[in-house]
Amino acid sequence: MTHTSEELAAMIVSVSMTVNGNATTLDVDPRCSLADTLRDSLGLTGTHLGCEHGVCGACTVLVGGEPARSCLMLTAQADGCEIVTIEGLSDGDTRSPIQEAMYQAMSFQCAFCSPGFIMSTVALLAENPNPTEREIREELSGNLCRCTGYQSIVAGVETAVEILSSQNILSSQNKERSGQ
Ligand code: FES
Ligand code: FES
C-alpha cells in the first residue's frame with residue numbers, strides 16, 4: 001500500500017526528550033526506533049546495533065535511569081523522557097569511573113558490546129553499589145559478548161566498584177574536613 005505525501009506528513013510525530021542533558025525536539029516517523037533516532041538523527045553512534053531484536057543488549061541506553069533496549073523502543077515512546085547514552089558518561093576525553101575501570105581491567109576485545117555492558121553496569125551500580133559476583137553476572141546476563149567469555153567484564157565491574165567506593169570515601173572525608 002502506498003501513501004500520499006499528505007498521509008506521510010500526517011504520520012510524523014513531534015518528540016521532545018532530554019538526551020545526555022540536552023533538551024531536544026525532533027519530528028520523527030512513528031515507526032522509528034529510539035536507537036535509529038539516536039544514531040541517525042542525533043549522531044550518537046556509540047549506541048550500537050547488533051541483533052535489533054532485543055537479544056544482545058548492545059543498544060542499551062538509560063531511559064529515566066533504567067536500562068532499556070533502544071532497538072525495541074519507539075522514539076515516540078521516549079517523548080518526555082530523560083535519555084542517557086554512552087556519550088553522556090564521559091566528560092570530553094575523560095573516562096567516567098566505570099569506563100576507566102573497564103579500561104584498566106581490559107574488559108573488552110573488539111568492544112562492540114561495550115556500550116551496552118557499560119550502560120547496564122551504570123544502572124546496576126546505581127541500584128546496588130556493592131554487588132556480588134553472582135549479582136553482577138545475573139544483572140549483565142542480558143548483554144551478550146562474542147569475544148571475552150565474560151570473566152574480564154565481571155572483573156571490570158568489580159574494579160568499578162572499588163574505584164567508586166574509594167571515590168565515595170574520599171568525598172565523604174573531604175566533606176568532613178570542610179565541615180559539610
Ligand atoms: S541491538 Fe538491541 S538488543 Fe540487540
Ligand atoms: S568484546 Fe567483542 S563482542 Fe564483546
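1. Let's start with leucine 164: with 17 other C-beta atoms within 10 Å, leucine 164 counts as partly exposed. The scale works like this: 20 or more other C-beta atoms within 10 Å of a residue's own means buried, 12 or fewer means exposed, and anything in between is partly exposed, with C-beta atoms placed from the backbone.

2. A word on what you're looking at. This is a predicted model, so local features need pLDDT of at least 70 and side-chain atom pairs count only at pLDDT 80 or more, while totals for chains, interfaces and linings use all residues. Residues are numbered from 1 along each chain as its sequence is written, and chains are lettered from A and ligands numbered from 1 in the order in which they are written.

3. Leucine 164 sits in helix 6 (residues 151-177); helices are DSSP runs of H or I with at least four residues, strands are E runs of at least two, and both are numbered from the N terminus. Setting aside neighbours within four places in sequence, leucine 164 is in contact with Pro97, Leu125 and Pro129 (contact means C-beta atoms, placed from the backbone, within 7 Å). Proline 97 is 67 residues away in sequence, yet its C-alpha is 6.7 Å from that of leucine 164.

4. Now helix 6 as a whole. Its 27 residues should span 39 Å at 1.5 Å a residue, and the end C-alpha atoms are 39 Å apart, so the two agree (the expected span is 1.5 Å times one less than the number of residues). Its buried residues are Ile153, Gly156, Val157, Ala160 and Val161, and their cover includes helix 3, helix 4 and helix 5 (133-139).

5. Ala160 turns up again in the largest nonpolar core, which has 36 residues; Ala160, Ile98 and Val122 are among those with the most contacts inside it. Such a core is a set of buried Ala, Val, Leu, Ile, Met, Phe, Trp, Tyr and Cys residues joined through C-beta atoms within 7 Å. Helix 4 (114-127) is among its suppliers and gives the largest share, six residues. Domain 1 (11-88) and domain 2 (90-180) both contribute, so this core lies between them.

6. About those domains: their bounds come from an automatic or database domain assignment. The C-alpha centres of domain 1 and domain 2 are 22 Å apart, and 15 residues of domain 1 are in contact with 13 of domain 2. On the side of domain 1 that touches domain 2, strand 3 provides the largest share, three residues.

Methods: Two residues are in contact if their C-beta atoms, placed from the backbone, lie within 7 Å.
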